[in-house]
Amino acid sequence: MIRKNDSHTGTIFSGLTINRLRLAAILVSFVIVAASVGVTLWGLDAQQNDALLINLAGRQRMFIQQMTLEALDIQIADNPLSRRALEETAALFEQTLTALSEGGEVFYTEGITVTLPPPDAHDAEISAQLEIVRVTWDEMHLSVRGVLENDTESAAFAAALAKVEELSPVLLAQMDEAVRLYEADARRKVALVRAVQFVFLGMAVLMLVFAFILIERRILNPISLLDDAARRIGKGDLRTPISISGLGELDRLANSLEEMRLKLKAAAETQTALLELSSHLQTSENERRVAEYAVGAAASILHADFSALVLPDPRGRLIVEAVRGWPENYAGNMELGRGGDSQTGYTILHGRPIFVEDYSMEMAFTVPQIVFDHGIVSGLSAPMLIEGNVVGAMLVHSRKRRRFSEDEIQVLCSIANQTAVALEKNRLIHAEARRAQEAETLREAGAVVAATLRQDEAIERILQQLARVVPYDSASVLLLGDGYLEIVGGHGWANPAEVVGLRFPVPGNNPNTSVIQEGRPHILGDAPAAFTAFRDSPHSHVRSWLGVPLIVGERVIGMLAVDNVIPDFFTPNHARLAAAFADQVGIAIENARLYAETEKHAGQLRALREAGHTLTSDLRLDAVLRTLVEIARNLVGVSYAALAVMDDNGSLAEFYTAGLSDLERVRIGDPPKGLGLLGALLREGIPIRLTDMGRDPRSIGFPPGHPPMKVFMGVPIIVRGKVMGSLYLTDKKDGQVFTRDDEDLVVGLAADAAIAIENARMFGRVEQLAITDSLTGLHNRRHFLELAEYEFQRARRYRRPLALIMLDIDHFKQANDTYGHAIGDLVLQTVSRRCQETLRSIDFMGRFGGDEFAVLLPENDLEGAYAAAERLRKSVEEISIAADHGAVVSTISLGVAAISDDCPDLKTLLGRVDAALYAAKEAGRNQVRKAADLSA
């Protein structure tokens, strides 16, 4: 009894203890599971934050490349949009860099901003790298501002652009290092979370197993049976069968643990694969390899039979760019249609992932036949996003029916987005290289244009350069005439002689009309279908056609046409490049035309310039009129010229001719009375050009002895709106008629003549109020100071040298008192004349009063002025003037000063030179002193 009661008590005690252990094991298990979930959530949040940081850092690389491209775009085709784009990209880079370094709000995608926390203390390595990026960025930011603030033709712009191009690769390398550090930090966190998860999960599993062992005797009993069986086997009992219940329970437990281990391993492998994919995509610089690696990674990570990357082309077609599992010839060739009628199109159109569990049951989308041909059952598509914009889609397919989980959808979305960023990075890199090549080609084309002024040679060279950037089978240059376009040069034609000289009416039924009238490029994808002219020789080979206008200033002078035998060959980018070349062609043709005209009119322009100088250099009316009529005759190259000038009452006051001999003048007799063409010019006040003056009814009154004249041009001379005379020319020596250019030339001469005649007439009235000293003929003090002030301001503005000499005649008062004022005046005149003979033509001298003179020397520094002063001193020293009491010998003392940074105005310069003159006199006269030596 006692043993029975003891056994019962022991059983109760054992039951209570087991119940407590069970409860404790379950509670501990829940705590461990909760801790594991917490760590997992923290890890997911950290991974999301790390992915955000990596994405933002990777986006910074794209901004760097984008800024370089936008700066180059400003250089090639400057417009407000290009400058605004560069300014916005620089602002986004600055904002993101500040947020990464210090924390804060930053733009992420369209309509979305995120707030980044400040970097932790353990992120010291990342912070240090960001500080390095900041230093380089500050320097590049200054260069970007230089690009934005300067004109593209300036040296400052070129220097700023060169600095941007120099710093861009440095900043890219530093940003790549920052991305690498972010990725390394993310991997460390993932590894830490995994380790903690494994520990927690292991502890939870052990506690749960312990609880289950205590709860379910079905586990303990089979184990005890196994133990008994093992004991029997050890004793040699091999006939008693072993119960399989114990083995079954252990197998189920082992399977559960193995399943959990495999899931954890798969998750870890997925994370590792995604990190490796990110690293590979960021470092790859080949778009094809990026696409192929991405589809391979998608198929591998998601255990799919097929994968593909699809991008829309410029026409909206969905083109398969890379495949895995599909036939290789699908890549780059297969088209999946347009719009949202397919699964891929819907994904791209709406920007969200779509999965189909069974394509044979799908009713919402059009399923391509190739899906069934390859035995595909299920599929998943995900959009490729860059800053909220859909740029393509990635797809995975399976031959088995499969329902994709949310985790798998997120994985494919992550792969798609990383691939989109990598493709965009490569696109920008290639675009930058292409733009650089285009810019270089354009530069070379410009050099080719500048190397020749022959039109045919310039066109040939430009068309050869054009083929390097815009492939074509044949090309031609057409110039605009009066209602037509004419081919003046071509390249690539089977028979160039058959093409050159062809004319096309404008306006007319041809694509050239659209180019000329609209002033912009025009593309024909199927030229024969658009215009029947392309069905006939010599244009029957043309399928694609591109025409761009030749524009010089705002004037269309012709067009450039290129063609190809492939339909739909030319793109808007081809049009842009061809337009750039067309500008070069236009410049080449215009330069050649201008060069020919310049050669033709060079003598006329020189003569016109000399005429203006001659007409303003003499204020005697008679001399001005005689000079004017000879200049007009030589300027245009005519046999005869005449000039009539009216007085204030409208009567003929002066009449001069050129080209007539003395005998012919005698035969003509009296000057004309203004009844014929001369009177018409005076009455109408507008130029007259006649190819046969004998047929004009206004041509009357020729005297019998007048030489025969046929071709005529007359131009009125107008002053203040009143016709004061006329200039007319007859019979060009080359036998040609007068042109509009001839008229413009003579009209310009007539304008100069009007001013010269008016000045000559006014000269007598204003001479006494003029600018000269009556005794010496030099500038008087007032006018000299006006000229000096103007030259002083010009020198300061353009930072040019300028010097001033002040001189007076030694002991002049004594000579004046001794020899009389007449000799004194003669001394003043002789000294001033000798000084003027010694000075340069650009120097000017003025009389300040008494025996004091000043000389202003533009474009001369202090040393040059000192040398000039010495020449003046020696020249005057040689003067000897005969007088009643003996020869008068004069010397001069001179002071020299020059403009400098501490010379704010003319008054200061005059004060300094006056002090130098005083020093020369104090030192014994007949010498030169520099103002600079006094201050020293």
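**Cavities, helix packing and aromatic contacts**

The lining of the largest cavity comprises 21 residues, and Leu336, Thr344, Val371, Leu395 and His397 are the ones nearest its centre. The model is predicted, so that local features need pLDDT of at least 70 and side-chain atom pairs count only at pLDDT 80 or more, while totals for chains, interfaces and linings use all residues. Residues are numbered from 1 along each chain as its sequence is written, and side-chain values use heavy atoms, with hydrogens and water left out.

A cavity is a set of points, on a 1 Å grid over the protein atoms alone, where a 1.4 Å probe fits but cannot get out; lining residues have an atom within 4 Å of a point. Three cavities of 30 Å³ or more are present in the structure, and the largest holds about 240 Å³ of space, volume being the space filled by probe spheres set on the points, which are joined across faces, edges and corners. At least two lining residues of the largest cavity come from each of strand 4 (318-324), helix 8 (343-350), helix 9 (369-373) and strand 7 (389-398). Helices (H or I, at least four residues) and strands (E, at least two) are DSSP runs, numbered from the N terminus.

Helix 13 (residues 511-518) has Pro511, Asn512, Thr513, Val515 and Ile516 buried, that is, under 20% relative accessible area with a 1.4 Å probe and protein chains only. Among the elements covering these residues are strand 8 (474-480) and strand 9 (484-491). Glycine 519, with a positive phi near 65°, follows helix 13. In helix 18 (residues 677-684), the buried residues are Leu677, Leu678, Gly679, Ala680 and Leu681. Helix 18 is likewise followed by a glycine, residue 685, with a positive phi near 65°.

Six aromatic pairs are counted, a pair being rings of Phe, Tyr and Trp (its six-membered ring) with centres within 6.5 Å; planes under 30 degrees apart count as stacked, over 60 as edge-to-face and the rest as tilted. Phenylalanine 306 and tryptophan 326 form a tilted pair, 4.9 Å centre to centre with 45° between the planes. Phenylalanine 306 lies in strand 3 (residues 306-312) and tryptophan 326 in the loop between strand 4 and helix 8, 20 residues apart. Both phenylalanine 306 and tryptophan 326 are buried. The pair of phenylalanine 784 and phenylalanine 844 is edge-to-face because the ring centres are 5.7 Å apart and the planes lie at 65°.

Methods
Buried means under 20% relative accessible area, exposed over 50%, partly exposed in between (1.4 Å probe, protein chains only). Contact means heavy atoms within 4.5 Å. On a 1 Å grid over the protein atoms alone, a cavity is a set of points where a 1.4 Å probe fits but cannot get out, and a pocket is an open set with protein on both sides within 12 Å along at least five of seven lines; lining residues have an atom within 4 Å of a point.
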